[in-house]
Amino acid sequence: MKPLSTSVNESTESNLKSSEIIRIVLPYAFVGGILIILYFLIMRFTGHYQITGLRSLNYLIMIPVIYFAIKAYISKAHDRSYLKGFLSGISTYLISYSLLSLFMILYLAFADPVLMTYLYNSAYPELQLTPVGVGALLIGEGIIAGLITSFLIMQNFKDDIRKAAWCHKIF
C-alpha cells in the first residue's frame with residue numbers, strides 16, 4: 001500500500017498535467033468557438049440556416065483549430081504522450097462546442113424564438129426540442145466530432161510523440 005503522501009502527490013501531479021493541457025489549448029478553443037458562432041450568424045442572417053448540409057462546414061472550420069491546438073500541446077507540454085495529445089484535441093473541440101452550445105441556448109431562448117419554432121417543427125416530434133435540448137445535441141455532436149477529428153489529426157503527430165518520448169528517456 002502506498003503512503004498517503006505519495007497518493008496525494010500523484011493526484012496533484014495529475015491535476016497539474018490536466019490543467020497544463022487546458023492552459024495550452026484554451027486560446028485555440030476560444031478561437032474555434034468564436035469562428036463557429038460567427039459562421040452560424042452568417043448562415044442565419046443570409047437565410048441559409050435551413051440548409052443542414054452547410055452545418056458540416058463546422059467540421060472544416062474546426063480541423064485547423066484542432067491541428068494547431070495539438071501542435072501547440074506537443075511543442076509546449078513537458079510530459080507528452082499520444083493519449084494526452086489526443087485529449088488536447090478533444091478538449092479543444094469540447095470547449096469550442098460548449099461555447100457554441102451556450103450561445104445557441106441564449107440565442108434561441110431570447111433573441112430568435114422564430115428559429116426555435118422552426119427547429120421544433122422540423123425535428124422529430126419525439127424530441128420535443130427546447131433551447132437546452134438544442135444545446136445538449138450540440139454538445140453530443142461536439143463530442144463525437146472531437147473524437148473522430150482528434151484521432152485523425154493525431155496520426156500526423158505520432159512520430160513527434162515518439163521522438164519526444166525517446167528523448168525524455170535518454171535525458
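**Briefing: salt bridges, core and helix packing**

A search of the whole structure finds 2 salt bridges, a salt bridge being a side-chain nitrogen of Lys or Arg within 4 Å of a carboxyl oxygen of Asp or Glu. The model is predicted: local features need pLDDT of at least 70, side-chain atom pairs count only at pLDDT 80 or more, and totals for chains, interfaces and linings use all residues. Residues are numbered from 1 along each chain as its sequence is written, and side-chain values use heavy atoms, with hydrogens and water left out.

**Salt bridges**

- Side chains of opposite charge can pair when their charged atoms come close.
- Arginine 44 forms a salt bridge with aspartate 112, with 2.5 Å between the closest N and O atoms.
- Arginine 44 lies in helix 1 and aspartate 112 in the loop between helix 3 and helix 4, so this pair ties together parts 68 residues apart in sequence. Helices here are DSSP runs (H or I, at least four residues), numbered from the N terminus.
- Arginine 44 counts as buried at 15% relative accessibility, and aspartate 112 counts as buried at 7%. Buried means under 20% relative accessible area, exposed over 50%, and partly exposed in between (1.4 Å probe, protein chains only).
- Arginine 55 and glutamate 141 also meet in a salt bridge through their side chains, at 2.8 Å from N to O.
- This pair links distant parts of the chain, 86 residues apart: arginine 55 is in the loop between helix 1 and helix 2, and glutamate 141 is in helix 5.
- Arginine 55 is partly exposed, at 43% relative accessibility, whereas glutamate 141 is buried, with a relative accessible area of 15%.

**Nonpolar core**

- The largest nonpolar core has 31 residues, and those with the most contacts inside it are Met62, Ile70, Tyr97, Leu100 and Leu108. Such a core is a set of buried Ala, Val, Leu, Ile, Met, Phe, Trp, Tyr and Cys residues joined through side-chain atoms within 4.5 Å.
- At least two residues of this core come from each of helix 1 (4-46), helix 2 (57-76), helix 3 (82-111), helix 4 (113-122) and helix 5 (131-154). Helix 3 supplies the largest share, 8 residues.
- Not counting residues up to four places away in sequence, methionine 62 touches Gly32, Ile36, Thr92, Tyr93, Ser96 and Tyr97; contact means heavy atoms within 4.5 Å.

**Helix packing**

- Helix 3 and helix 5 pack at an angle of about 155°, with their axes 8 Å apart.
- This angle makes helix 3 roughly antiparallel to helix 5, a label for angles over 145 degrees.

Terms used:
Axes are lines fitted to C-alpha atoms, for helices over the stretch in contact, and angles run from 0 to 180 degrees between N-to-C directions. Angles under 35 degrees count as roughly parallel, over 145 as roughly antiparallel, 65 to 115 as roughly perpendicular and the rest as oblique.
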